[in-house]
Amino acid sequence: MALERPPPPSFKVILIVFLPFGCGYYLSYLFRTINAVISENLTTELGLGPAGLGLLTSLYLIAFASSQIPLGVALDRYGPRKVNAFLLMFAAAGAAVFSIAESFELLLAGRALIGFGVSAALMSAFKANALWFPSDRIPLMNNLIGAFGAVGAVSATRPVEIMLHTVAWRDIFGVLAVVTVVVSLMILLLVPEKKGINPTTESFGEQLKGYGSVIRDIF
């Protein structure tokens with residue numbers, strides 16, 4: 001007997017699940033792109049050269065990439081809601097540090113916190129889509145999450161450039177810190193836990209060993 005296809009997602013699910021995670025990924029790409037726009041301001045105010053600006057970008061990506069392996073384990077153990085909301089608080093803290101930084105070292109610390117904090121934005125959204133939407137809708141919802149990222153990248157270019165004529169880059173990052181806290185709380189408080197989904201009973205170490213099996217299958 002064929003299983004009955006689940007009903008299409010309701011408008012409420014889109015509002016309380018899809019949109020909060022989409023906003024998180026929007027911020028992820030905005031943070032990734034914005035340094036290119038404020039680079040001249042950083043050079044003028046703090047004397048950063050090309051090497052310093054490049055290191056700021058690199059440290060963001062290093063912090064982002066280094067969290068991916070434990071991130072997969074955390075998503076399986078704790079779910080996308082808790083993981084993304086928790087990590088976005090690090091991004092908010094990083095934006096706050098960046099906004100008040102008077103030294104290159106503090107800029108680096110802020111940028112690393114931001115990279116680490118937004119590292120779950122995409123995969124947690126994909127995980128949430130897999131939990132809440134029927135399988136035939138998942139490609140569409142994942143592509144729409146990608147669209148949030150594209151809008152975030154665009155928002156960090158010309159709109160930020162226009163804003164810099166009237167407000168300081170520090171003020172922009174201060175506002176972004178507050179917005180990131182709001183998005184984190186949206187995910188934590190609005191997104192419900194999916195009923196009937198039991199977290200893995202494997203230990204953290206057992207889950208990490210699973211990566212070895214994957215690597216052996218590849219090679």
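In this predicted model, the second largest pocket has a volume of about 180 Å³. Its lining is made up of Y26, L27, L30, I34, S155, P159, V160, M163, I172, V175, L176 and V179, and the elements that contribute two or more residues to that lining are α1 (11-46), α7 (158-163) and α8 (169-190). Sorted by class, the residues lining the second largest pocket are 11 nonpolar and 1 polar, with no charged residues among them.

A straight helix of 33 residues would span 48 Å at 1.5 Å a residue, whereas the end C-alpha atoms of α3 are separated by only 28 Å. The helix bends by about 115 degrees at G79, and a proline, P80, follows within four residues.

Side chains of opposite charge can pair when their charged atoms come close, and the structure holds 5 salt bridges.

| Salt bridge | N to O distance |
|---|---|
| D76 and K127 | 3.1 Å |
| E193 and R81 | 2.8 Å |
| E161 and R158 | 3.3 Å |

The salt bridge between D76 and K127 connects two helices: D76 belongs to helix α3 and K127 to helix α5 (residues 121-132), so the pair ties together parts that are 51 residues apart in sequence. D76 is partly exposed, with a relative accessible area of 40%, and K127 also counts as partly exposed, at 27% relative accessibility.

In the salt bridge formed by the side chains of E193 and R81, E193 comes from the loop between α8 and α9 (204-218) while R81 sits in helix α3, so this pair ties together parts that are 112 residues apart in sequence. The relative accessible area of E193 is 41%, which makes it partly exposed, whereas R81, at 14% relative accessibility, counts as buried because buried means under 20%.

Elsewhere, salt bridges that share partners join E45, E102 and R170 into one network.

Definitions and conventions:
Residues are numbered from 1 along each chain as its sequence is written. This is a predicted model: local features need pLDDT of at least 70, side-chain atom pairs count only at pLDDT 80 or more; totals for chains, interfaces and linings use all residues. Side-chain values use heavy atoms; hydrogens and water are left out. The expected span of a helix is 1.5 Å times one less than its number of residues. The bend at a residue is the angle between axes fitted to the seven residues ending there and the seven starting there. On a 1 Å grid over the protein atoms alone, a cavity is a set of points where a 1.4 Å probe fits but cannot get out, and a pocket is an open set with protein on both sides within 12 Å along at least five of seven lines; lining residues have an atom within 4 Å of a point. Grid points are joined across faces, edges and corners, and a volume is the space filled by probe spheres set on the points. Ala, Val, Leu, Ile, Met, Phe, Trp, Tyr, Cys and Pro count as nonpolar, Asp, Glu, Lys and Arg as charged, and the others, Gly among them, as polar. A salt bridge is a side-chain nitrogen of Lys or Arg within 4 Å of a carboxyl oxygen of Asp or Glu. Buried means under 20% relative accessible area, exposed over 50%, partly exposed in between (1.4 Å probe, protein chains only).
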